[in-house]
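Me: I have a structure open and want to learn how to read it. Can you take me through some features?

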Amino acid sequence: MRGQWKRIAWTTALAAALTWTGTVGTAPLAPTAQAAAAYYVSESGNDAWSGTLASPNGSGTDGPFKTVERARDAMRASGMKTTYLRGGTYYVPQTLELNASDNGVAFRAYGNETPVLSGGELVTGFTPESNGIYAAPLATPSDIELVFDGSRQRVAEKKAYDAANPFTYAHYFAEDSTALNKIVFKAGDVSASDFVSTLKVDAYGPKRWENDILPVTSIDPNTNTIHLGGNVKYAIRDNGTYRLLNNPAFLNETGEFAYRASDGKLLFKPSNAAKLLSEGAVVPRRTIVSLNGAEGVVFNRLTFAHTPYSLPAIELKNGATGNHFYNNLLVHVGKAFFLNNAPDNDIAHNEMASIGTTGVELAYGSNGNRIDWNFIHHVGAVRKNGGGVVAYGVHDNRVYNNRIEDTARYGVSIKRWDTATLHSGNIVEYNKIVRTNRETSDTGAIEMLGRGANDTNTIIRYNYIQNTGGLMSDWVGPVFQYPYGADGIYLDDETSGVEVFGNFIKDTSRAGVFVHAGDNNVIRNNVAIIGKSIWKGLGHEDGKDKFVRLEWGTNQRISSNTTIDRNIVYSVTSSWPKYLDFFNGGTYATDRNVLYNVPKVSGKDALSTVADPLFVNASAGNYELQSGSPAYAQGFVDLPWNIWNQVQGAAGIEPPEWQFHKGINLNGAAATIEGQAWLSHSTALTQGLSLPGGANTFAKNPPLTPSPQVGAAVRDMLNTGVWKSKATLSIDQTVPSGTYQLYLWVMENNSDFYRAFGVAMEGQTKDADVGALALNHWARYGPYVAQVTDGTLNVQLTFGTQDPLLAGIELYKRR
């Protein structure tokens, strides 16, 4: 990884070339500057050192720690609660566990550097074999994941890769079987020679709800049977599909790998052999961080990478609460976050990409969490049953302002299977969710499961949903059908008590909103764009998409008390026959809708209007309403288009709200302080610094030793400065107009608690009593915030007891 923050720019092959976008959003961050009272971790460090220096000292006797574990232990034993990680990749030998002993600690990136915490094993020592294949010894067998040169590689498969069909290549169609522990293959597709001890199968039932990845124990060519080392969840019935994986004999294409058990070697055919030999490849192995009951922990601007598809990068459990994850990148991991009995945490402005199963999973008592402003994309690289955010057995969470794209299954899913997974009071709002359900069917961009029909008091409002996909294997074909069976909002299996309000839904492959046997659901003030042909796959479709579908569900239960009103339903095809499918009874009311190119429901819609809703420019994708829209007369409220535009541009990793503007080493030389370039005093005087009213300067010689201990640059800065005898010390600095944060560096150099003074900015008192320190002790006071409108920042250190003194100025400007 390179030494600066960058966002992943994805090619169709999911190549993870890191590029910083410079997008700006609502930042929940403190400034990126660091107080020196912290520990540091560096690849050039040593766990026997103090860890209090950002770099090794000149004599090589002290410097940063080598490992994050050592920094954690040091924070437990001291009053310092912050660790800064220098750029580089840190392969954790075991999961870093944080518990109640670590409450309040913070792990942050140093300056603009990019530290990577990896749960993988770096494999090196590759030697060439034949046909461009390289081999390296690997003591523990790999599974079906490998990362090289920033991208996931493909485990060797029996069939060839097909870039034009990335979701269906290498699949075989199965014969009918009701057994869960075997697959019956069609004659000629599989042979006994395909079996090796490492062989695995990736299998899907014909309805393609999810996939199972299981070891193969044997192949019987006489009965055309693949025997599995476990059970699939759904039987691989007629024209379910499967892939055969991880036989070294299948390895013949660039980008493929396999594990050869006969000699314990990882085999790989790389796209760049020189890079493989110099950098190696990474096998995902373990969860990186576990917060086991920890509270108030912060992770900021770190990269987490390389966990297996079944494991999270970060787990929170056993009451872990009040923790904060801001501006982190989680890439090539199984799950980005897994919360189990972990309430009231913040997961904001992170990017989660190339995810094996699920972005954020909330389970059993993980209540009151906030999942916001994240960019979650390319989800379900291995397991297809997850989504951007998946929740069950939880209450009162808010999932909002996220950008979710390119998922194998859901964008957001909230499920109840039984009483243990009962959920209620959750809010899903202001998300932008596109290109979901690329590899599964009978699904939705936002999906809920509600078995038991309890009122969930859930709100799904103001979400932008487009291109819901849906992939199914046709048992008549056998062929794949895409898109098919994916809704915008799917209230499945008795989901009840949901308000669906103010959503924009377009390009679904079944319905904008599907209510499957639930009660007391309200569908109001949405915009649905329909008028597309769909596959007639299950016998009761008419080959045309709908706005709403109402249908019986579990145990033939029917929906009741569904309200559909004040929506805009716009068909792109003229004379679309209907906007609502209604199967097998139930009660519902629909009225006060605005319908275009589609008729009213017979016996309903008495107050609905058949008219053009007057979008600004539907052909250009602008669905905002003109002022004369007939929808306003029906009580329709236009949708939050500006907010969705903000989500598109600002969700994910963002620059800090505060940008380093200037550092001044008063009466000292130019220096690098905590990763930032500070001006010398003389240079600052030529760039707008002035000391009206005069000031005295000092330079301690020999220098004092600051406490707590600091690096050489900070030590030298603290030993020089300016002061004023028994009077206010005034400091002016010319700056562009704007809002600024100020930090002041002070070290006591006379005697214990010799002085105290106040701080004012722009004529306003910011602090009444600072500077009271023991001899040799130092402090970084602030941040103090002020707005400058006249081009000059005015700072006064007001006289209190003895002489105001200042060693350094650190200034940040709000973006």
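Me: Why is strand β48 (residues 511–516) largely enclosed by the rest of the structure?
Reply: First, the ground rules. This is a predicted model, where local features need pLDDT of at least 70, side-chain atom pairs count only at pLDDT 80 or more, and totals for chains, interfaces and linings use all residues. Residues are numbered from 1 along each chain as its sequence is written, and side-chain values use heavy atoms, with hydrogens and water left out. Strands are DSSP runs of E, at least two residues, numbered from the N terminus. Buried means under 20% relative accessible area, exposed over 50%, partly exposed in between (1.4 Å probe, protein chains only). In β48, 6 of the 6 residues are buried, so the strand is largely enclosed.

Me: Which strand does β48 pair with over 5 bridges?
Reply: Two strands pair if DSSP finds at least two bridges between them. β48 pairs with β51 (residues 546–551), in the parallel sense. Histidine 516 stands opposite glutamate 551 in β51. Strand β45 (residues 486–492) also runs parallel to β48, joined by 3 bridges. There, leucine 491 has valine 515 of β48 as its bridge partner.

Me: What does isoleucine 523 touch?
Reply: Contact means heavy atoms within 4.5 Å. Leaving out residues up to four places away in sequence, isoleucine 523 touches Val513, Val515 and Phe547, among others. Isoleucine 523 belongs to strand β49 (residues 522–524). Its relative accessibility is 0%, so isoleucine 523 counts as buried.

Me: Which residues touch the most other members of the largest nonpolar core?
Reply: In soluble globular proteins, nonpolar side chains tend to be buried together. A nonpolar core is a set of buried Ala, Val, Leu, Ile, Met, Phe, Trp, Tyr and Cys residues joined through side-chain atoms within 4.5 Å. Here the largest has 80 residues, and Leu291, Phe299, Phe304, Phe337 and Phe547 touch the most other members. Strand β29 (residues 329–340) gives the most to this core, with 5 residues. Apart from it lies another core, of 32 residues, including Leu689 and Tyr740.

Me: How many aromatic pairs are there?
Reply: A pair of aromatic rings is described by the distance of the centres and the angle of the planes. Rings of Phe, Tyr and Trp (its six-membered ring) pair if their centres lie within 6.5 Å; planes under 30 degrees apart count as stacked, over 60 as edge-to-face and the rest as tilted. The count is 32. One of them joins tyrosine 161 and tyrosine 169, edge-to-face, at 4.7 Å centre to centre and 80 degrees between the planes.

Key
Helix = DSSP H or I, 4+ residues; strand = E, 2+ residues; numbered from the N terminus.
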